[in-house]
Amino acid sequence: MDNLVLVLPLRAIALQLLFLAVTVAIESYVFHRQLNLHRRSSVVCSAVLNLVTNTIGWFFFFNIELILPNSVRENLINLLLFSEWNVANLPWTILGGIGVFVIGWFVKRQGFEVLQNLHDIWTERKRNEGGFAIAANQSFIEQSRARIIFRAHIFSNSTILVMAVLQVITIDNKNLILFQ
């Protein structure tokens, strides 16, 4: 631990921001089309849900990596911060990816419920004050809402997975070209 150097992974930060922007765009489109939300509401909803999900994800990452064995910890940090991975850890990487996907969907689903409740409270408050209230579209049932959120989560995460794989392939090809 004495020889650890402070490293600011600008590339990982830039990729996280790019992935976040792509995710918000895809999920807000799905929310707009399938939940009949206004465009602005769908973008705000998607942005809030994804920021909360990413914040919780990074919080867990920095707390879980402290208790991992050094070899697993180094591989995890290399994978997430520097896009370097070891093929021997592929099963754990896939299992971790599935876990992150399911937890992310759960957080988004619960977060959407919180946002919906806040919207309902705000709408009711405006209605009671005599102001103009935006009528919330309540035509969808709870299960279909969860399916729509799941569908949006799958679309965005599939796109991010393809982008990440292409990024790793690009890096591997550059390394192969540079070191031949």
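Reply: Glutamate 27 and lysine 108 are both buried, meaning under 20% relative accessible area, with exposed over 50% and partly exposed in between (1.4 Å probe, protein chains only). The model is predicted, so local features need pLDDT of at least 70 and side-chain atom pairs count only at pLDDT 80 or more, while totals for chains, interfaces and linings use all residues. Residues are numbered from 1 along each chain as its sequence is written, and side-chain values use heavy atoms, leaving out hydrogens and water.

Glutamate 27 and lysine 108 form a salt bridge, with 2.6 Å between the closest N and O atoms; the term requires a side-chain nitrogen of Lys or Arg within 4 Å of a carboxyl oxygen of Asp or Glu. The pair links distant parts of the chain, 81 residues apart: glutamate 27 is in helix α1, and lysine 108 is in helix α4 (residues 90–129). Helices (H or I, at least four residues) and strands (E, at least two) are DSSP runs, numbered from the N terminus.

Helix α1 covers residues 10–34, which is 25 residues, and reaches 36 Å from its first C-alpha to its last, close to the 36 Å expected at 1.5 Å a residue. That expected span is 1.5 Å times one less than the number of residues. Besides Glu27, the buried residues of α1 include Phe19, Leu20, Thr23, Val24 and Phe31. An α-helix has 3.6 residues a turn, so residues three or four places apart point the same way. After α1 comes asparagine 36, with a positive phi near 55°.

UniProt, in an unreviewed entry, places a "transmembrane region" at residues 12–31, 43–68, 88–107 and 148–169; its positions are given in the numbering used here, feature names are shortened, and annotations may be inferred rather than shown by experiment. Residues 12–31 are 100% helix and 0% strand, with end C-alpha atoms 28 Å apart.

The search of the whole structure finds two salt bridges. Arginine 73 and glutamate 65 form one, their closest N and O atoms being 2.7 Å apart, and both of these residues are buried.

As for the setting, the protein has five helices and zero strands. Of its 180 residues, 26% count as buried. Among contacts (heavy atoms within 4.5 Å) between residues at least 6 apart in sequence, 66% join residues at least 24 apart.
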